[in-house]
Amino acid sequence: MPTAPLPQFPAGFRWGVSTSAYQIEGATEAGGRGTSIWDTFARSPGRIADGSTGDVACDHYHRYREDIELLAGLGVSAYRFSVAWPRVQPTGTGPAHSGGLDFYDRLVDELLAHDVDPVATLYHWDLPQPLEDAGGWLTRDTAARFAAYADLVAARLGDRVKLWITLNEPFVHMSLGYGTGLHAPGRALLFDAFPAAHHQLLGHGMAVAALRARSGSPVAIANNYSPVRTIGDTDADRAAAAAYEALHNRLFTDPLLGRGYPEGTVGDPSVVHDGDLAVIAAPIDVLGVNYYNPTGVRAPQAGSPLPFELVPSDGYPRTAFDWPVAPDGLHELLGWLHRTYGDALPPVEITESGCAYDDTPDADGRVHDPERIAYLDGHLRAVRSALDDGVDVRGYFVWSLLDNWEWAEGFTKRFGLVHVDYATRTRTPKSSYAWLRDVVTAARRKPER
């Protein structure tokens with residue numbers, strides 16, 4: 001358990017927690033909601049580790065008021081949630097379904113009533129299935145459909161949402177959903193998945209314009225980043241690390257900041273039309289950074305279909321996901337962004353940072369998770385170090401408020417500050433919840449001047 005007090009953070013620093021719609025809402029047929037690619041994927045035998053689905057998840061759809069009370073008790077200033085596209089447009093096209101938007105209307109109003117800023121992510125991987133049937137993010141039309149959806153949501157919520165996030169982790173969605181097939185929609189195209197990268201970015205740029213037309217609130221995107229560490233000392237190892245860095249970190253950042261695509265990352269160049277890069281580079285107000293761990297890379301073995309080999313990071317404690325706990329990686333990453341993009345880099349917010357452990361209640365029903373407390377302590381200190389280095393970091397969102405349905409891992413991985421009994425959906429705040437509450441209370445009482 002950490003004993004030294006955390007350093008102070010700047011006045012106005014945003015303290016928040018994050019969730020996503022499919023992972024917590026449940027109620028997949030309520031209010032006229034349509035089918036998403038994750039509904040289809042999860043119901044396909046063998047896709048999910050424990051055979052579960054998100055049909056009920058944490059039942060947040062019916063228990064959102066209880067969850068907002070937990071947010072209020074935590075004392076955070078912001079809540080990052082995602083809007084389920086199939087709730088708003090069951091088929092991905094046409095007018096908004098009022099029943100779906102009504103839910104987010106109630107959610108936003110309840111957050112504001114508890115002095116919590118709504119931070120809305122428009123796309124956290126739950127594409128309406130009819131759009132996937134028409135080609136999904138491999139087709140250009142999906143970008144236009146996304147912009148139209150963004151317009152509908154902003155028309156309803158734009159006067160109250162305090163920060164918009166267009167896409168969540170487009171790299172992960174492209175690589176696992178369209179590259180390897182480990183996530184929905186389950187396509188295994190490897191490098192032929194580039195159209196899914198370009199059309200997500202194009203949809204982002206088009207959505208930025210739609211949001212600005214409807215709302216005066218700032219606009220962001222949330223990218224997953226990983227500091228790349230070269231394993232080995234050969235030219236081939238260094239080339240492999242550079243190739244991976246271009247794919248993971250730069251493919252979804254260079255175009256946003258007006259640099260175009262990194263060399264070697266464009267698959268079929270005919271996918272990129274004249275004017276697309278200007279749309280993608282529409283100015284954003286915040287760059288969301290989702291960080292979990294660094295990535296070791298070396299040259300691939302002969303015959304590998306990939307130009308790199310990923311190597312586990314040694315010398316760190318491990319989470320239940322077997323991910324290294326590496327706060328130094330977050331400091332390293334923020335420094336890399338600062339050096340690489342300079343004045344073009346907008347202010348940064350850590351939009352996800354968290355860890356999975358096998359948390360279970362003790363005989364008295366309490367849930368102690370000292371590993372998570374140590375994780376958060378270390379990563380907040382890394383953010384403070386980056387601030388001291390001149391990186392403009394303005395917020396930190398913990399993933400996640402609740403234990404939830406963790407994509408292809410189902411209910412087997414617990415990331416929450418609050419334990420969820422998946423049989424009863426009973427919520428029990430963990431010791432990390434109390435720890436973060438005290439940190440946030442102290443920080444909001446005595447911010448750095």
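D322 has a relative accessible area of 48% and is therefore partly exposed, a class lying between buried (under 20% relative accessible area) and exposed (over 50%), with a 1.4 Å probe and protein chains only. This is a predicted model, in which local features need pLDDT of at least 70 and side-chain atom pairs count only at pLDDT 80 or more, while totals for chains, interfaces and linings use all residues. Residues are numbered from 1 along each chain as its sequence is written, and side-chain values use heavy atoms, leaving out hydrogens and water.

**Salt bridges**

- D322 pairs with R318 in a salt bridge at 3.2 Å, N to O, the term meaning a side-chain nitrogen of Lys or Arg within 4 Å of a carboxyl oxygen of Asp or Glu.
- R318 also counts as partly exposed, because its relative accessibility is 31%.
- By this rule the model holds 37 salt bridges, and a network of them links D102, D105, D109, R156, D159 and R160.
- R80 and E352 form a salt bridge whose closest N and O atoms are 3.2 Å apart; the pair links distant parts of the chain, with R80 in strand β2 (residues 78–82) and E352 in strand β10 (residues 348–352), 272 residues apart.
- Both R80 and E352 are buried.

**Nonpolar core**

- The largest nonpolar core has 132 residues, among which W38 and W164 touch the most other members; such a core is a set of buried Ala, Val, Leu, Ile, Met, Phe, Trp, Tyr and Cys residues joined through side-chain atoms within 4.5 Å.
- A second, separate core of 8 residues includes A78, L163, A220 and V286.

Methods. Helices (H or I, at least four residues) and strands (E, at least two) are DSSP runs, numbered from the N terminus.
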